[in-house]
Amino acid sequence: MSNIESAKPQHHDARESVPLLQKGAYGAGTLTLNLLPGALGVFSFFLITAFGIDPFLAGLLGGLPRLFDALTDPIMGFITDNTKSRWGRRRPYIVVGAILCGVFFAMLWQLDPDASQEYNFWYFLIFSLIFTIGNTMFATPFVGLGYEMTSDYNERTRLMGFAQTMGQIAWMIVPWFWVLIADPDLFSSQAEGVQQLSIFVAGACITLGILPGLFCRGIDATNMENRAEISFSTIWSNLLQVFKGIKQVFRNAPFVRLCAATFLVFNGFQLVASFSYFIIVFHMFGGDYGATGTWPAWFSTVSAIVTAVLVIPVITLMAKKWGKRKAFIISTAISIVGYGLKWWGFSPDNPWMIFMPIPLMSFGIGGLFTLMMSMTADVCDLDELNNGMPRKEGTFGAIYWLMVKIGQALALILGGLVLKIVGFDPGVAEQSVETITNLRLADIIIPASTAFLAILVMWKYDLTEQKALEIKDKLIELRGEL
């Protein structure tokens, strides 16, 4: 960036404001983006208990589609970056992908509890792979669209903050799926509960998921230069372009820092995500599920409400006042304090204390995706300056979320390993004092440590507001306004 002249941060350009309707539509898409994996995570538990799938095979059914994701995400990123249509590069895929997501999510869970394990395994695997294609077709263009809806440094944070606030609604709802599915007054069996709820989830995802494709506007890329020709006759050259784009993405130092920090924070959070449930049940209520009641669901729901109502607005203001890097470092440091408070919050003497750490803990995930999504949009400008057209929001989005998914998969594996190491046995009502103590320490130390490492990674992140404005001015000078 040495060829860029010095520039001072400018005032917000009203032309770069995203209208409220478009913010709402993009938020609806973010809600869908959260609701699908959230519901999938809950429903997958019932593969074992309701449909009789062996735990090892259930693990394969969770892991194999993630490996398939690793192939489809970058390819879809390349396709959407290079698409030419009267409706834009992203919007047609978002609409079609949302419909496919919903339809195949519902079909995925119409398993027969009386069928053989082999039948249910192959049924679920095949429809899971088809669902993954639909989800990739929706999610990758959707994320890329968000990066290009505005080129204003601070408006990007406001857009992502608004979207993430709406996205938290999914995490207010999902914990209650456990309660609903297990309620004999609602469903005659767990299998019926999963089958019926999946249809409602599918309907919500179709209805909400198509909205960004209908109402949001991205870059007018009609005359964007150097886009690849996508056809069956150019498959080989297209694949080479995919790998070339991935290589360019990983040469972008600020983006690599964003991916590394996201991997650390999210992986640490996800790794211990189930531990709170076990600590509430076995430490606070002595293994009595009846006495535990809905406390775990309320813990998750209140976390989502605090994130949406308090944390994200505060982080948005912090980013505007101090910059995105400082906002991330401060919010992540606050979350470390929150993790530490869990030691006193999970008290058998006073269950209400579980809500005490939530306002501070929530700064971790609340700050992560609000700020990282905004900063990735800034990185896309830097990439265009260094590598020219076409802009690669789709590819950046695909690689970023691929890191999230890899972190998720690794967290599932390591989470089980940690439970085994501490000697935890969910089939036993009374755990030893040593087991519970070690589990509680792991629940605090693991996410706090990964959050601290993420702060170190982002300490030298140098794509500031001033540099972002310099890049934007240089791009306009080179190719005009998009």
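Here are legends for a handful of close-up views of this predicted model.

Residue numbers start from 1 along each chain as its sequence is written, and side-chain values use heavy atoms, with hydrogens and water left out. Since we're looking at a prediction, local features need pLDDT of at least 70 and side-chain atom pairs count only at pLDDT 80 or more, while totals for chains, interfaces and linings use all residues.

**View 1. The largest nonpolar core.** This core has 124 residues, and Phe 43, Trp 109, Phe 328 and Tyr 400 have the most contacts inside it. Helix H15 (residues 358–387) gives the largest share, 15 residues. A nonpolar core here is a set of buried Ala, Val, Leu, Ile, Met, Phe, Trp, Tyr and Cys residues joined through side-chain atoms within 4.5 Å. Buried means under 20% relative accessible area, exposed over 50%, and partly exposed in between (1.4 Å probe, protein chains only). Helices are DSSP runs of H or I with at least four residues, numbered from the N terminus.

**View 2. Around Phe 328.** Leaving out residues up to four places away in sequence, Phe 328 touches Ala 261, Val 265, Leu 368, Leu 371, Met 372, Ala 454 and Met 458. Touching, or contact, means heavy atoms within 4.5 Å.

View 3. Ile 444 counts as buried at 13% relative accessibility, but Ile 445 is partly exposed at 48% relative accessible area. Skipping residues up to four places away in sequence, Ile 444 touches Tyr 339, Gly 340, Lys 342 and Trp 343.

**View 4. Tyr 26 stacked with Phe 142.** This is one of 23 aromatic pairs in the structure. The ring centres sit 4.2 Å apart with the planes at 15°, so the pair is stacked. Tyr 26 is in helix H1 (residues 20–49) and Phe 142 in helix H4 (residues 117–148), 116 residues apart. Tyr 26 is buried at 0% relative accessible area, and Phe 142 is buried at 1%. Rings of Phe, Tyr and Trp (its six-membered ring) pair if their centres lie within 6.5 Å; planes under 30 degrees apart count as stacked, over 60 as edge-to-face and the rest as tilted.

**View 5. Phe 369 stacked with Trp 401.** Here it's 5.3 Å centre to centre, with 5° between the planes. Phe 369 lies in helix H15 and Trp 401 in helix H16 (residues 393–421), so the pair ties together parts 32 residues apart in sequence. Phe 369 counts as buried at 8% relative accessibility, and Trp 401 counts as buried at 17%.

Note on methods. Helices (H or I, at least four residues) and strands (E, at least two) are DSSP runs, numbered from the N terminus.
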